Amino acid sequence: MDYRKNIESVFGRHAFDHALFYQYEKALRFELSVSGSAIEMFTTAWGKAETILSEVFSKDSDLYACWSFYGASRYLSSLSVFREITECGIKIPKLNESWCEADEDDSNSFRHFLLFKISSSTAKNWLWGALAQDLGIRPRIVGKVHLVDLENKIIAHPYDDRGMDIYSPDSGLMQNLFDQFNSYLLDYDRDVMESAFGAL
């Protein structure tokens with residue numbers, strides 16, 4: 001089964017880009033943490049993100065995690081990033097698919113993509129690692145994490161403790177998220193979201 005092809009057939013070629021909010025006309029961007037100590041920022045981000053994703057992802061659906069990171073052409077040069085991910089309590093599952101893309105600005109650097117089928121119970125480990133990476137919190141994940149519920153056609157990109165982007169081609173689902181978690185929306189981009197979904 002071509003998992004990448006199936007995911008991109010639903011979400012398009014920007015599915016694994018950074019800043020998904022700017023790739024889709026009707027996406028949502030949630031503000032997770034604002035200020036405080038590293039622990040305060042992390043716990044605030046964790047609480048909000050977990051609340052949102054528990055609503056977004058069905059426990060019965062097949063979930064996928066796409067982990068991407070930069071490195072040399074061979075994985076051996078990136079052993080430290082694999083060590084970090086195992087410290088998050090993530091046992092590297094059977095790899096469903098992988099690919100890499102050359103860095104346009106550096107011919108010696110490549111962005112590696114590893115796509116895994118995961119259980120709903122381990123989604124929180126991926127979320128933890130993504131939120132922890134810029135705060136000095138350990139364990140953490142080095143790189144980007146995209147979480148996908150292919151059956152319900154929704155993708156989440158918790159880019160760090162500051163925020164998380166969510167997109168689905170299902171406009172009704174997105175409207176419900178906009179209404180239910182309106183207070184969590186990033187104020188900087190609120191006008192864009194309100195023009196798409198309507199101000200409360």
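1. S183 is placed in the loop between α5 (171-180) and α6 (190-197); helices (H or I, at least four residues) and strands (E, at least two) are DSSP runs, numbered from the N terminus. The model is predicted, so local features need pLDDT of at least 70 and side-chain atom pairs count only at pLDDT 80 or more, while totals for chains, interfaces and linings use all residues. Residues are numbered from 1 along each chain as its sequence is written, and side-chain values use heavy atoms, with hydrogens and water left out. With a relative accessible area of 64%, S183 is exposed. Here, buried means under 20% relative accessible area, exposed over 50%, and partly exposed in between (1.4 Å probe, protein chains only). From C-alpha to C-alpha, S183 and Y159 are 19 Å apart in space, and they are 24 residues apart in sequence.

2. The next point concerns D160. This residue belongs to strand β6 (residues 154-160) and counts as buried, at 3% relative accessibility. The side chain of D160 makes a polar contact with the side chain of R162, at 2.5 Å. A polar contact is a pair of N or O atoms within 3.5 Å; within protein, one must be able to donate a hydrogen and the other to accept it, and residues adjacent in sequence count only if both atoms are side-chain atoms. Leaving aside neighbours within four places in sequence, D160 is also in contact (heavy atoms within 4.5 Å) with L32, A130, L131 and D134.

3. How many aromatic pairs does a search of the whole structure find? The search finds 16. Rings of Phe, Tyr and Trp (its six-membered ring) pair if their centres lie within 6.5 Å; planes under 30 degrees apart count as stacked, over 60 as edge-to-face and the rest as tilted. The F16 and W99 pair is tilted, because the ring centres are 5.7 Å apart and the planes stand at 50°. This pair links distant parts of the chain, 83 residues apart: F16 is in the loop between α1 (3-11) and β1 (27-31), and W99 is in strand β3 (residues 95-103). Both F16 and W99 are buried.

4. W99 also pairs with F113. The ring centres of W99 and F113 are 5.0 Å apart and the planes are at 5°, so this pair is stacked. Since W99 lies in strand β3 and F113 in strand β4 (residues 106-118), the pair ties together parts that are 14 residues apart in sequence. The relative accessible area of W99 is 11%, and F113 is buried at 2% relative accessibility. Elsewhere, ring pairs join F11, Y24 and Y167 into a cluster.

5. The largest nonpolar core has 64 residues, of which L28, L53, W67, W126 and I166 touch the most other members. Helix α2 (residues 38-56) gives the most to this core, with eight residues. A nonpolar core is a set of buried Ala, Val, Leu, Ile, Met, Phe, Trp, Tyr and Cys residues joined through side-chain atoms within 4.5 Å. In soluble globular proteins, nonpolar side chains tend to be buried together. Not counting residues up to four places away in sequence, W126 touches A65, W67, I85, I90, F116, I118, I141, V145 and L147.

6. F116 is found in strand β4 and is buried, with a relative accessible area of 0%. Although F116 and A65 are 51 residues apart in sequence, they are 5.3 Å apart in space, C-alpha to C-alpha.

7. The whole structure was also searched for disulfides (pairs of cysteine sulfur atoms within 2.5 Å), and zero were found. C88 is in no disulfide, and the nearest cysteine sulfur, that of C66, is 16 Å away. C88 counts as buried, at 8% relative accessibility. C100 is likewise in no disulfide; the nearest cysteine sulfur, that of C66, is 13 Å away. At 41% relative accessibility, C100 counts as partly exposed.

8. Some backbone details remain. The peptide bond from R138 to P139 is cis, with omega near 0°, and P139 is placed in the loop between α4 (123-132) and β5 (144-149). A19 is not a glycine, yet has a positive phi of about 60°. A19 is in the loop between α1 and β1 and is buried, with a relative accessible area of 14%. K153, also a residue other than glycine, has a positive phi near 55°. K153 is found in the loop between β5 and β6 and is partly exposed, with a relative accessible area of 42%.
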